Amino acid sequence: MKNIQLETSQAVCFLRHDDMSTIGQKVKLAHMSMEQGICKGNDFLGWLHLPSAISGEFIQEIEDTAATLRKECDAIVVAGIGGSYLGAKAVIEALGNSFAWLKHDTKPVILFAGNNIGEDYLAELTEYLSDKRFGIINISKSGTTTETALAFRLLKRQCEQQRGKETARRVIVAITDAVKGAARKCAETEGYKTFVIPDNVGGRFSVLTPVGLLPIACAGFNIKELVRGAQTMEKECSADVPFNENIAQQYAAIRQLLYYNGKKIEIMANYQPKLHYIAEWWKQLYGESEGKEGKGLFPASCDFTTDLHSMGQWIQDGERSIFETVISIEKTNRELLFPADDDNLDGLNFLAGKHIDEVNKMAELGTRLAHVDGGVPNIRIVMPQLNEFYIGELLYFFEVACGISGNMLDVNPFNQPGVEAYKRNMFALLNKPGYEKESEEIRKRLNS
């Protein structure tokens with residue numbers, strides 16, 4: 001079986017001929033610092049060898065819980081924010097039928113909440129669930145994250161009212177800290193099934209923990225294959241694999257070289273709508289990991305060819321501060337041929353009999369050539385097919401490359417101190433107990 005591949009020729013051509021070879025030692029040192037546990041944030045390296053540590057028994061426990069939820073629920077709401085939902089949503093959206101939500105026989109439907117504070121959204125969600133047998137997967141280490149705690153309080157009450165407390169206990173699962181926090185205390189008080197978020201795995205690196213695996217299994221996808229893909233990439237991208245064979249090290253190297261050479265924005269582009277949330281997951285992974293101390297590439301994303309009709313002009317002719325990383329799928333899972341038309345009013349009969357994907361592939365190739373000609377370096381990640389195995393490879397590849405890249409920037413890739421700033425202001429404005437001083441200061445500022 002082929003693995004995902006990295007193509008860099010259309011990016012390396014923007015660098016000096018010896019840049020990649022000279023940066024290799026720095027990349028190896030950054031990788032080894034993680035392997036040896038001596039890098040910044042070394043107390044959050046539990047994800048590094050997580051795939052190989054996942055046992056068959058653990059996967060079976062996840063699958064058994066998912067089977068119970070699938071049997072007893074028409075809908076399952078995943079309550080979480082950031083890494084507590086993006087990984088699961090990325091995989092489910094990538095593997096699922098794009099129109100499953102319109103199929104009345106698709107059960108259970110996987111829904112997401114706790115990732116915003118939209119009153120209309122939550123009201124519409126609770127209204128939708130009002131005649132459904134639904135369950136909840138509550139994902140929070142602390143149980144006090146505002147967005148998730150707010151949604152869980154609403155959903156817990158509704159589930160108990162509609163299904164009774166005894167049934168609710170069977171269809172509410174908590175994924176939380178092993179011993180402490182509000183979510184752990186609630187789960188123990190109510191008697192919920194629980195899974196643990198490891199202390200040494202941060203949220204954005206948690207997709208291969210129960211945080212991601214349980215919702216993905218509930219959606220009916222093969223988590224054994226997802227994990228197997230990650231395990232394969234763990235071997236392919238280990239610290240002792242030579243630089244010229246290690247695609248994670250090469251990706252980290254080239255994006256840092258482009259950054260040093262004035263490229264400040266990395267655009268993740270895809271030509272498959274199903275990959276939209278893979279890019280959303282990637283943006284959080286790299287944005288939270290690298291964006292510190294006035295450093296770091298800005299991670300953006302585009303869905304092509306759709307966004308070629310909106311952002312395409314800027315990418316082609318705008319400020320040359322960008323490069324692209326393109327995820328390309330070699331083989332589609334479905335087949336559809338372009339039809340002939342007797343009148344040929346649109347002039348497209350020259351495409352008759354071709355696979356739709358052939359047209360898409362030529363759009364991709366033509367766009368990459370045009371963007372390179374326009375001064376936009378292009379990195380290409382090639383997935384043989386869109387399935388659980390290759391997504392598992394892709395997720396782990398991005399994780400290890402992110403750790404290396406953050407270490408090369410000399411920041412802590414595994415914390416997120418900047419995320420707390422908005423929370424402090426929000427709590428002060430809401431007059432949360434304990435924030436009286438901050439509340440007074442911020443109101444003076446607003447009234448000045």
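Reply: Start with H10: Pro 210, Val 211, Gly 212, Leu 213, Leu 214, Pro 215, Ile 216, Ala 217 and Cys 218 are buried there. Keep in mind that this is a predicted model. Nine of the nine residues of H10 are buried, so the helix is largely enclosed by the rest of the structure. Buried here means under 20% relative accessible area.

Now look at both ends. Just after H10 comes Gly 220, with a positive phi of about 95°. Lys 156 is 42 residues from Pro 198 along the chain. Their C-alpha atoms are separated by 24 Å.

Next, another helix. H5 pairs with H13 (residues 276–290): their axes come within 8 Å and cross at roughly 160°. That angle makes H5 roughly antiparallel to H13, since angles over 145 degrees count as such. The crossing of H5 past H13 is left-handed.

Follow the chain on from H5. The loop between H5 (86–95) and strand S3 (109–113) holds Trp 101. Trp 101 counts as exposed because its relative accessibility is 66%, and the cut-off is over 50%. Trp 101 also belongs to a nonpolar surface patch with Phe 99 and Leu 102. Together, these three residues have about 410 Å² of accessible area.

Definitions and conventions:
Residues are numbered from 1 along each chain as its sequence is written. This is a predicted model: local features need pLDDT of at least 70, side-chain atom pairs count only at pLDDT 80 or more; totals for chains, interfaces and linings use all residues. Side-chain values use heavy atoms; hydrogens and water are left out. Patches are made of residues with over 30% relative accessible area and no salt bridge: like charges are joined within 9 Å, nonpolar side chains (Val, Leu, Ile, Met, Phe, Trp, Tyr) within 5 Å. Accessible areas come from the Shrake-Rupley method with a 1.4 Å probe; for residues, only the protein chains shown count as cover. A salt bridge is a side-chain nitrogen of Lys or Arg within 4 Å of a carboxyl oxygen of Asp or Glu. Helices (H or I, at least four residues) and strands (E, at least two) are DSSP runs, numbered from the N terminus. Buried means under 20% relative accessible area, exposed over 50%, partly exposed in between (1.4 Å probe, protein chains only). Axes are lines fitted to C-alpha atoms, for helices over the stretch in contact, and angles run from 0 to 180 degrees between N-to-C directions. Angles under 35 degrees count as roughly parallel, over 145 as roughly antiparallel, 65 to 115 as roughly perpendicular and the rest as oblique. A crossing is left-handed if the near helix is turned anticlockwise from the far one by less than a right angle, and right-handed if clockwise.
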